[in-house]
Amino acid sequence: MLIRRLVAIPLIVWALGFVWFSIALPQPAARAQTDAIVVPTGSGGRIERGLEILQTGAAEQMLVTGVDTTVQPAEFQAEFDVPSRIMDCCVTLGFSALDTRGNARETAQWLEDRDYNSLRLVTADYHMRRAALELQDQLPDDTSVTRDAVKSQASLDTLFLEYHKFIAVWVLQVLG
């Protein structure tokens with residue numbers, strides 16, 4: 001009986017955590033001024049949302065992190081219909097990140113190079129918690145992060161996978 005309870009408790013916690021993770025997805029943020037906007041590449045709507053915010057003047061610059069090395073700035077500009085004045089002054093394409101942890105490292109270096117201490121993180125709702133956790137691990141404590149989630153239609157498989165990635169990152173950070 002004791003062994004069943006010892007096995008059941010973590011399973012119940014895991015299941016309730018997955019329900020919370022799936023139902024209480026992060027939401028889009030209200031307009032707020034930050035030094036920069038950071039958009040990890042991935043599912044649709046992220047870059048468009050970042051550019052929309054940038055063009056309202058809510059931030060000075062935008063980093064798109066995790067861009068494939070074969071993408072040329074002119075291709076990016078044409079794909080997302082970015083005005084030249086915005087592309088030339090305010091959009092940086094980051095090519096060094098291959099995953100979410102790499103996005104966090106690339107972002108931290110980019111912010112440090114510009115002496116920025118506030119950013120708006122724009123990513124998919126299902127990806128936000130893990131991306132913010134990875135970013136928090138790389139940024140100085142005094143850096144302010146506004147979480148701006150892009151609504152998605154994530155499948156159960158995507159949520160399931162992302163939940164486990166989130167747990168893995170959290171456990172690794174807790175263990176140091």
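Helices (H or I, at least four residues) and strands (E, at least two) are DSSP runs, numbered from the N terminus. This is a predicted model, in which local features need pLDDT of at least 70 and side-chain atom pairs count only at pLDDT 80 or more, while totals for chains, interfaces and linings use all residues. Residues are numbered from 1 along each chain as its sequence is written, and side-chain values use heavy atoms, leaving out hydrogens and water.

**View 1. Helix 2 is mostly covered.** To find the buried ones, look for Arg-46, Ile-47, Arg-49, Gly-50, Leu-51, Ile-53 and Leu-54. Just after the helix comes Gly-57, with a positive phi of about 85°.

**View 2. A disulfide joins Cys-89 to Cys-90.** A disulfide is a covalent bond between the sulfur atoms of two cysteines. Here a disulfide is counted when a pair of cysteine sulfur atoms lies within 2.5 Å, and that rule gives 1 disulfide. The S to S distance for Cys-89 and Cys-90 is 2.0 Å. Their disulfide is left-handed because the torsion about the S-S bond is about -75°. Are these two cysteines buried or exposed? Cys-89 is partly exposed, with a relative accessible area of 42%, whereas Cys-90 is buried, at 11% relative accessibility.

**View 3. Helix 5 and helix 6 cross at roughly 45°.** The axes of helix 5 (residues 100-114) and helix 6 (residues 125-138) come within 8 Å. Axes are lines fitted to C-alpha atoms, for helices over the stretch in contact, and angles run from 0 to 180 degrees between N-to-C directions.

In helix 5, Thr-100, Arg-101, Ala-104, Arg-105, Thr-107 and Ala-108 meet His-127, Arg-130, Ala-131, Glu-134, Leu-135 and Gln-138 of helix 6, where contact means heavy atoms within 4.5 Å.

**View 4. Thr-69 sits in a loop.** Look between strand 2 (61-65) and helix 3 (73-79) to find Thr-69. Thr-69 counts as exposed, at 60% relative accessibility. How far apart in space are Thr-69 and Ser-96, C-alpha to C-alpha? They are 8.1 Å apart, though 27 residues apart in sequence.

Technical notes: Buried means under 20% relative accessible area, exposed over 50%, partly exposed in between (1.4 Å probe, protein chains only).
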